[in-house]
Every structure is written in structure tokens, then in C-alpha cells.
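Please examine the sequence and the structure shown below. The explanation that follows will guide a first reading of them.

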Amino acid sequence: MGSFKFFFFFFSIIAASGVLFGAESKTYEGDIEALKDLKNALEPSLVNPGSCLSSWDFTFDPCDNLFSDKFTCGFRCDIVVSGFNRVTELSLDSAGYTGLLSSTLNLPYLQTLDISNNYFSGQIPESLSNLTRLSRLGLSMNSFSGEIPTSIGTLFNLQELYLDNNNLEGTIPISFNGLVSLKRLELQHNNLNGYLPDLSSLTNLFYLDISDNAVTGALPAALPVSLVQVSVRNNNLSGTLTSESFKNLMYLQVVDLSSNQMSGSVPFVLFELPSLQQLTLSSNQFSSLEVPSYGYQSGLIAVDLSNNQLQGFLPSFMAFMPKLSSLSLENNVFSGLIPTQFALKTVFPEIGVSPFSRLLLGGNYLLGGVPRPLLGLKPESANVSLGDNCLYRCPLRFFFCQGGEQKSWEECKRFIPGIP
């Protein structure tokens with residue numbers, strides 16, 4: 001009887017510790033295979049010692065040994081079904097991993113996939129659309145090429161999508177308008193082309209960056225009403241802007257559409273939105289400004305309209321914007337006198353009004369003398385640029401004063417008000 005009790009006790013200890021032959025792994029077998037496939041798809045000689053993947057030793061159970069010396073980092077496990085641990089997060093370190101992203105990444109409970117800042121290459125696998133619980137997908141700063149899979153647009157739980165700083169080409173999938181939970185979309189620094197799709201259905205999107213691509217066409221007539229920041233600089237956008245595109249964007253703080261080919265008027269609503277703080281439309285072909293009715297309600301702090309074809313007199317209404325402290329109107333076709341209000345706001349601002357700490361008006365055709373308050377401006381109190389105007393002698397340069405052809409100063413000055 002004593003020997004039987006000893007055997008039963010020994011058996012119980014072994015079973016409780018999970019060492020009993022044939023005991024179930026704590027990590028679901030399919031998830032283990034997916035982790036193996038991920039590691040095997042990389043160039044093994046380039047997996048640096050001390051990196052997350054170098055510690056993955058599959059002779060041990062991954063989730064049971066997570067944060068040990070066998071699986072130091074790179075993923076997270078949660079008990080989500082039938083007592084098994086399932087991989088819910090895969091976030092690799094920036095260790096210079098080189099290779100392909102496994103197309104058999106069968107991790108159905110994955111919520112976060114982030115392999116940013118490495119050297120993954122090849123195409124983004126269509127199979128990522130099987131990760132239906134994914135809320136964050138980060139593929140930034142890699143070497144992915146080819147087109148963006150349209151199937152990504154079926155990840156309805158996706159809240160953050162980072163595909164920036166790769167070599168992706170082709171168009172932005174129209175299917176993205178189905179990412180109704182998306183809050184942040186970053187596609188900058190790729191080779192994307194074609195038109196911008198209508199994303200107005202993404203009513204949770206607050207951050208949109210498509211800068212440094214080759215996107216063409218006009219800005220969509222309707223934008224997501226939830227936008228806080230939109231940046232589409234350094235593309236090939238053309239066409240005009242309308243107040244209709246922006247009038248309902250009550251949370252908008254930053255607009256950067258610089259270095260495109262947009263033309264026409266800058267809509268008045270951009271100077272009326274109380275939330276908008278930064279407006280950058282430089283290096284386009286805008287020719288006029290619409291005057292707002294309620295500019296004094298503007299929340300703008302910085303405006304850059306430099307390097308356009310803006311004509312007429314300087315927009316004196318900007319001197320009454322209470323928070324505006326940085327204004328660049330350089331390299332346009334403005335003429336007439338420098339408004340005294342600009343000088344007063346720079347040197348003698350009213351109480352509660354931000355002075356111009358940066359006022360750049362050079363490269364225009366401004367006439368007359370420098371307003372007296374600016375002559376008494378203390379050194380280093382503000383950055384004011386007035387050079388290359390008609391204050392003393394009109395500059396000799398070519399510009400687009402009318403139509404689409406370059407003309408000389410003598411040919412163009414008759415189209416500019418106030419120039420004799």
C-alpha cells in the first residue's frame with residue numbers, strides 16, 4: 001500500500017507540472033507553426049544575436065516561456081479559447097530583419113502586427129486579410145514593393161495602418177473606404193499614383209498622410225469629418241479647392257497640401273475654421289485668396305502660401321487673426337503697399353493678440369516705403385523679410401502673370417494693380 005501511495009503522489013506531481021508524456025502544449029499548435037514560418041522566411045545569417053527572433057527556440061513552448069531566455073520578446077499571448085494560449089500581438093524589434101513576410105501567417109487571434117523599421121521585402125501578402133481581428137498593422141520603414149493588396153480593405157476592425165516609407169506602387173485601393181474603424185492612415189514616402197479615393201466614409205479617421213508620392217487629380221470633394229490632420233504634400237494634385245470640402249471639418253488642425261499643382265482660389269473657409277492651426281499651401285499655382293467673413297475667429301497660428309501665383313494686394317485681414325504669428329507670402333505676385341496693420345501686429349500688437357514673429361513678404365512686387373513701425377523693429381525680435389520687391393527698384397524676373405506662359409516684367413506689369 002505504501003508503494004502505491006508513493007507512485008500516485010509522484011504521478012500527480014508530474015501531471016501537474018505538465019511534464020507527463022503526451023501532455024498538451026500551452027500554445028495552440030497552429031500558432032507555433034505560424035511563428036516558425038515567420039522566422040524561417042527570413043535570412044538566418046542576418047538574424048542578429050540579441051534580437052527577438054534569435055531567442056525563439058521552438059524546443060520549448062513559446063507562450064509558456066515568453067520573456068524567458070528562450071523567447072525574450074516579439075509577441076504576446078492570451079488565453080482566449082479552450083484554455084489554449086493564442087498569439088494576439090506580434091511586434092518585432094528593429095533588428096534589421098531581412099527577407100519576406102510569411103504568406104502563411106495564420107494567427108487568427110492577432111490584434112497587432114508591427115514589423116516596422118526592418119528590411120522586409122517583396123509584396124505584402126494578400127493573406128493578411130485573414131487576420132480579421134487586426135486593429136494595428138505596421139509595415140513602415142521596410143522595402144515592400146508592388147501594389148497594396150485590395151484585400152486589406154476587408155479588415156473592418158483595423159484602427160491604425162502604417163505602410164509608409166516603402167517602395168509601394170500603384171493606386172490607393174478604393175476598398176480602403178471600407179475601413180470604417182480606421183483612425184490613422186500613413187502612406188507617405190512610396191511611389192503611389194492615380195487618384196485619391198473617396199474616404200469620406202471613414203468617420204473615425206483623424207490622421208491622414210499620403211505625402212511624397214505621385215498621386216494625381218483633385219482633392220476629393222468630401223473628406224472624413226473626423227480629420228484632425230491631413231497631409232498630401234509633394235504629389236501631383238491638380239484642380240481647385242472648394243469651401244465645401246472643408247466646411248464640416250470641425251476638428252481639423254493641420255492642412256499641408258504643399259508642392260503640388262493646385263490652382264484657383266484659396267477658399268475662405270480655411271481662414272474661418274476655429275480649430276485649424278497650421279495651413280501650408282506653398283509651391284502650388286494658386287492665384288487668389290477668398291476673403292473670410294469671420295477671420296477674427298480663426299485659430300490659425302502658421303500660414304505658408306509662398307511660391308504660388310497670388311496676385312492683388314496683400315491680404316490685410318490676416319493682420320486681424322488673433323493667433324497668427326507666422327505668415328509666409330514670399331515669391332508671389334502681390335503688389336501695392338505693405339499694410340500698416342502688418343507692421344502694427346509685428347511691433348505693437350494689441351493685448352491678447354499674437355504678434356508676427358515671422359513675416360516673410362519677399363519676392364513680390366510691393367511698392368512704397370517700409371511702414372514706419374517696422375523701421376524701429378528691434379533686432380532678433382521678429383523674422384521679417386521684405387527683399388526682392390519694388391520698394392526701391394522692381395526686380396527683373398519672369399513669372400506667370402496671366403495665362404499659362406511666362407512673360408517678362410514689362411509684359412506683365414500692366415496686369416498688376418498699382419504698378420505704373
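The paragraphs below turn to the nonpolar cores and then to the disulfides. The structure is a predicted model.

In soluble globular proteins, nonpolar side chains tend to be buried together. Here the largest nonpolar core has 100 residues, and those touching the most other members are Phe75, Leu90, Leu113, Leu161, Phe246, Met318 and Phe342. Two or more residues of this core come from each of helix 2 (29–40), strand 1 (75–81), strand 2 (84–91), strand 19 (285–289) and helix 3 (340–347). Helix 2 provides the largest share, three residues.

Leaving aside residues up to four places away in sequence, leucine 113 touches Leu90, Leu105, Leu128, Leu131, Leu134, Arg136, Leu137 and Gly138.

A disulfide is a covalent bond between the sulfur atoms of two cysteines. The whole structure contains two disulfides. One of them joins cysteine 52 to cysteine 73, with an S to S distance of 1.8 Å. The torsion about this S-S bond is about -115°, and therefore the disulfide is left-handed. Both cysteine 52 and cysteine 73 lie in the loop between helix 2 and strand 1, 21 residues apart. Cysteine 52 is buried, at 2% relative accessible area, whereas cysteine 73 is partly exposed, at 24%.

Another disulfide joins cysteine 63 to cysteine 77, with an S to S distance of 2.0 Å. This link is left-handed, with -70° about the S-S bond. Cysteine 63 belongs to the loop between helix 2 and strand 1, and cysteine 77 to strand 1, 14 residues apart. Cysteine 63 is buried, because its relative accessible area of 12% is under 20%; cysteine 77, at 15%, also counts as buried.

How values were computed
Residues numbered from 1 in each chain as written. Predicted model: local features only at pLDDT ≥ 70, side-chain atom pairs only at ≥ 80, totals over all residues. Heavy atoms only, no water. Core = buried A, V, L, I, M, F, W, Y, C linked by side-chain atoms within 4.5 Å. Buried < 20%, exposed > 50% of the residue type's maximum accessible area, 1.4 Å probe, protein only. Helix = DSSP H or I, 4+ residues; strand = E, 2+ residues; numbered from the N terminus. Contact = heavy atoms within 4.5 Å. Disulfide = S-S within 2.5 Å.
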